[in-house]
Amino acid sequence: MNKDKKAIVFDNSGTLIERYRVIKDLSNDELITHINSLTLIDNIGSAALAVLQFNTSILKDLNPNMLISDLIEEYNIAINVSYCPIELDNKEIMEIIRNDTAKIKDISDCFPLLKEKVPNMELCNGSALILDLSNRKIGYTITSAGQLFPNVKSTIKTLQERGIEVFIASGDRSGAISKLTELIGIDKSHGFATASTKRKGEIVKKLKNEGYKVMMVGDGPNDIAAFENADVATLTIEQKGDYSENLIKYADYVIEDISKILEIDF
């Protein structure tokens with residue numbers, strides 16, 4: 001291995017972007033902001049995070065009572081599962097969604113609170129569904145947006161000046177990741193969207209096979225496979241929240257500010 005050939009792979013939401021997320025519990029119409037969606041999925045046990053690949057701005061011109069299943073089919077919206085304990089194919093995903101009565105308003109109801117939380121949003125990560133696999137229904141809708149953490153751009157610039165290749169591997173939709181690559185000034189081909197836990201691990205392994213020494217920087221359980229495969233695993237806790245001991249044990253370093261990775265020699 002050429003030890004001078006280095007790459008850093010960043011997660012997006014909670015790592016580069018300070019995320020704000022509104023979750024709607026469809027069982028009682030409650031809007032939730034204090035629970036991490038991945039934690040919620042783990043608590044359900046048998047659930048999947050299905051990312052809707054579209055710009056949510058189109059919803060403002062549509063009938064709020066339109067079924068989400070009709071929205072997906074009429075606008076040919078692609079769906080990707082970014083987090084799930086089991087393998088799911090698109091046929092099974094769509095079967096669950098088609099049999100559900102969730103409506104557009106179950107997504108758009110989250111917008112006012114999200115706008116209140118992020119009045120100057122830099123990135124709309126978009127919308128997703130949490131599918132309750134045991135009960136074969138949509139359990140929750142999620143809408144999220146965010147702003148870059150303060151030291152992201154300067155940190156990326158310094159890494160590039162040091163000759164370190166910068167990549168993103170995120171579960172967020174492709175449009176959001178494309179915009180993020182522009183915001184932080186990296187090649188668009190270095191942004192990998194709707195990357196599942198397994199896919200993140202594969203991205204790290206591929207870079208290592210290409211001769212890179214790789215650091216993975218992430219903040220959640222969906223980064224564990226990448227942590228395991230990386231030469232150096234860095235957990236960032238700049239997004240305030242609860243971080244399980246199980247997650248922390250996979251990290252070689254724990255940082256509270258993204259700029260601190262500049263102090264890690266790898």
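Predicted model: local features only at pLDDT ≥ 70, side-chain atom pairs only at ≥ 80, totals over all residues.

Entry on helix H7. I looked up which residues of H7 (residues 174–184) are buried, and I found Ala176, Ile177, Leu180, Thr181 and Ile184. They cover an arc of only 140° around the axis, so they sit on the same side of H7. Just after H7, I found Gly185 with a positive phi of about 80°.

Entry on strand S2. I then turned to S2 (residues 17–25), where seven of the nine residues are buried, so the strand is largely enclosed by the rest of the structure. I saw S2 pair with strand S7 (residues 137–148) in the antiparallel sense over nine bridges, and with strand S3 (residues 30–32), again antiparallel, over three bridges. Lys24 stands opposite Thr141 in S7 and opposite Leu31 in S3. In the hairpin of S2 and S3, which has four residues between the strands, I noted that Asp29 takes a positive phi near 65°.

Entry on salt bridges. My count came to 13 salt bridges, and I followed up some of them. The side chains of Asp106 and Lys24 meet at 2.8 Å, N to O; Asp106 lies in helix H4 (residues 105–108) and Lys24 in strand S2, so this pair ties together parts that are 82 residues apart in sequence. Is Lys24 buried or exposed? At 2% relative accessibility I count Lys24 as buried, and Asp106, at 8%, counts as buried too.

I next looked up Asp223 and Lys200, which form a salt bridge with their closest N and O atoms 2.7 Å apart. Asp223 is in the loop between strand S10 (213–218) and helix H9 (224–229), while Lys200 is in helix H8 (residues 197–209), 23 residues apart. Asp223 is buried, with a relative accessible area of 0%, and Lys200 is likewise buried at 0%.

Entry on Leu114. I placed Leu114 in helix H5 (residues 111–117), and at 4% relative accessibility Leu114 counts as buried. Leaving aside neighbours within four places in sequence, I listed its contacts as Tyr20, Arg21, Val22, Thr143, Ser144 and Ala145.

Methods: Residues numbered from 1 in each chain as written. Heavy atoms only, no water. Helix = DSSP H or I, 4+ residues; strand = E, 2+ residues; numbered from the N terminus. Buried < 20%, exposed > 50% of the residue type's maximum accessible area, 1.4 Å probe, protein only. Contact = heavy atoms within 4.5 Å. Arc of directions from axis to C-beta. Pairing = 2+ DSSP bridges. Salt bridge = Lys/Arg side-chain N within 4 Å of Asp/Glu carboxyl O.
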